[in-house]
Amino acid sequence: MAASTALRRLLCTLRCLSAASLLVAALPLAAQQRSNAFNDPFVQVTSAIANCPVPEGPLYTEQEVRDAAHVRAQHGGSCYRVGRCRLANSYLYDQEIIPRVSQYIRLDGRFDNTSVWVQGERRLVLLMGCVASREQSEALEKAVWLVDDVMGVVNYLKVGDEAARYPLAQPQEKTP
């Protein structure tokens, strides 16, 4: 009799665990734990525009990391294999490039009235945030192109009341 009770409890526990795992798998991606698993550099460079939408940055779920790992390995090593990179993986440049891009933007002086974040990924620099004019956006993009080892610039900067063209950071929950 005790064995059948224990067996019933075990089956009930297994059913509960199975249901819980299905619920976790069914959660939308936004509700799952996300992190900067690839350690892509992402920094705020300027902060003069108060209401500029904050970019989300390079955050990935565990599934997105698994999905992207192979592609990132292929893309990262291809420039070295064909002789376009001195380092074995193009993602290795990002940890050097983004601090130099940040320094260049800060010291230039033309961009002091902006709110700009930069992200590095495979020698590409993503510009996100707010600028005062279309001309300033174009000038900032051209300036970043001048930084050594930058292979490309993706300009997501917004001007005035335009909608942000980049994913926005989720508001942080306040803990008591």
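Ser102 is buried, with a relative accessible area of 4% (buried means under 20% relative accessible area, exposed over 50%, partly exposed in between, with a 1.4 Å probe and protein chains only). The model is predicted: local features need pLDDT of at least 70, side-chain atom pairs count only at pLDDT 80 or more, and totals for chains, interfaces and linings use all residues. Residues are numbered from 1 along each chain as its sequence is written, and side-chain values use heavy atoms, with hydrogens and water left out.

Ser102 sits in helix α3, residues 94-108. Helices (H or I, at least four residues) and strands (E, at least two) are DSSP runs, numbered from the N terminus. Neighbours within four places in sequence aside, Ser102 is in contact with Val43, Val45 and Val118, where contact means heavy atoms within 4.5 Å.

## Helix α3

The buried residues of α3 are Asp94, Ile97, Ile98, Val101, Ser102 and Ile105. Seen down the helix axis, they fall within an arc of 130°, so they line one face of α3; the arc is that of the directions from the axis to the C-beta atoms. The cover over these residues includes β1, β2, β3 and α4.

With 15 residues at 1.5 Å each, α3 should span 21 Å, and its end C-alpha atoms are 21 Å apart, which agrees; the expected span is 1.5 Å times one less than the number of residues. Gly109 follows α3 and has a positive phi, near 95°.

## The sheet

An open sheet of 4 strands has the order β1-β2-β3-β4, with mixed pairing. Its edge strands, β1 (42-47) and β4 (152-159), each pair on one side only. Two strands pair if DSSP finds at least two bridges between them.

Strands β2 (residues 115-121) and β3 (residues 124-131) pair in the antiparallel sense over 7 bridges. Gly120 stands opposite Val125 in β3. Helix α4 (residues 134-145) packs on the sheet and touches β2, β3 and β4; its direction makes about 160° with that of β4. Axes are lines fitted to C-alpha atoms, for helices over the stretch in contact, and angles run from 0 to 180 degrees between N-to-C directions.

## Nonpolar cores

A nonpolar core is a set of buried Ala, Val, Leu, Ile, Met, Phe, Trp, Tyr and Cys residues joined through side-chain atoms within 4.5 Å. The largest has 22 residues, of which Val101, Ile105, Val118, Val125, Leu127, Leu140 and Val144 touch the most other members. At least two residues of this core come from each of α3, β2, β3, α4 and β4, and α3 gives the most, with 4 residues.

Not counting residues up to four places away in sequence, Ile105 touches Val45, Thr46, Phe111, Val118, Leu140 and Val144.
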